[in-house]
Amino acid sequence: MEHLISLHDLTVEDFESIFKLAEKLKRQQKEGIPHHLLKGKTLGMIFTKSSTRTRVSFEVGMYQLGGYPLFLSANDIQLGRGETIYDTAQVLSRYVDGIMIRTFAQSDVEDLARYGNVPVINGLTDLMHPCQILADLFTIYEHKGTLKGLKLAYVGDGNNVANSLLHGCAKVGMDIAVASPKGYECDSRIVEEAKEDAKASGANILLTEDPEEAIKDADVVYTDTWVSMGQESEKEERIKVFMPYQVNNTLFSKAHEDAIFLHCLPAYRGYEVTEDVIDGSQSVIFDEAENRLHVQKAIMALLMGNK
Ligand code: CP
Ligand code: NVA
């Protein structure tokens, strides 16, 4: 594992190493045991979109590992004024030991890795959100004790989160059903990649327009915003299209009775999910958010630590 750009690039062993180290680092952090695996290392964090969880968890995580994080808002660095990804990659590689980037185009993340000489971590693009899904799978494992053989139902927009869930579930052998309206399905190339991995892992993949079909027998129910960053102008139209995909108690009660509810956050209560579900006893959204910290610390240590 050289970079963390797409979950499809990772092996099953990479997933296992990340989870194993995340578990250890979580325990060490809770017990106050120092774990300075990245002492003296620096992480550049480029953001061209907003963030609460990603920024704070990477920044705090780097500090806890004994390293130093630099927040680089695209508005403040020359990239935002047209400096190329090529030059940015070359220059940053002379200063920092790793780069985390949150941006629009997946190709910008790939180019950063191609032209630079340090590990690159994808902190969300329009196409994928791999760090989120690694934290999600770790959270599911903590609550259910296994991943293989479980069923996750994702109801809503076939967006970056849904795409990476397809990649992640297929890799670890977890069944996944995605219900999204026509015209808002997951990326077709990612569906093909997930199907390829599902053959090896034994996972079942179901793509449907019917939320009830997706949620039947689900152990995990997941949704995300209907209006991702960059889609603000489509908000009114999207709310109309997605209303039948709202995860409310009526729909949630059709999953297994011990199903857990996940949402990457930020959530818009009353739209993609109702308060009774997201604030209910089966919701694990804050464990999920916390695990961004532990899982990303493992990712950074594995990518940037002394080999
Ligand atoms: N889930 C997530 O990535 O949150 P932020 O947009 O706050 O980073
Ligand atoms: N799909 C959302 C996820 C936010 C963490 C977005 O891209 O805005």
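UniProt positions are given here in the numbering used for this structure, feature names are shortened, and annotations may be inferred rather than shown by experiment. The model is predicted: local features need pLDDT of at least 70, side-chain atom pairs count only at pLDDT 80 or more, and totals for chains, interfaces and linings use all residues. Residues are numbered from 1 along each chain as its sequence is written, and chains are lettered from A and ligands numbered from 1 in the order in which they are written.

**Exercise 1.** State which residues the UniProt domain annotation covers, and describe that span.

*Solution.* The unreviewed UniProt entry places "domain: Aspartate/ornithine carbamoyltransferase Asp/Orn-binding" at residues 148–303. The span 148–303 is 43% helix and 14% strand, with its end C-alpha atoms 26 Å apart. Helices (H or I, at least four residues) and strands (E, at least two) are DSSP runs, numbered from the N terminus.

**Exercise 2.** Identify the domains of the protein chain and characterise the side of domain 1 that touches domain 2.

*Solution.* The assignment gives domain 1 (3–129 + 291–304) and domain 2 (132–288); such bounds come from an automatic or database domain assignment. Their C-alpha centres are separated by 24 Å. Contact (C-beta atoms, placed from the backbone, within 7 Å) joins 22 residues of domain 1 to 23 residues of domain 2. On the domain 1 side, helix 1 (12–31) and helix 12 (285–304) are the elements that give two or more residues. Helix 1 supplies the largest share, five residues. By class, this side holds 12 nonpolar, six polar and four charged residues. Here Ala, Val, Leu, Ile, Met, Phe, Trp, Tyr, Cys and Pro count as nonpolar, Asp, Glu, Lys and Arg as charged, and the others, Gly among them, as polar.

**Exercise 3.** List the residues around ligand 2 and sort them by class.

*Solution.* The surrounding residues are L124, N159, N160, V161, D224, T225, S228, M229 and C264. They divide into four nonpolar, four polar and one charged.

**Exercise 4.** Name the contacts of A153 beyond its neighbours within four places in sequence.

*Solution.* With those neighbours set aside, A153 is in contact with A177, A214, I215, A218, V221, Y222 and A255.

Key: Contact = placed C-beta atoms within 7 Å. Near = placed C-beta within 6 Å.
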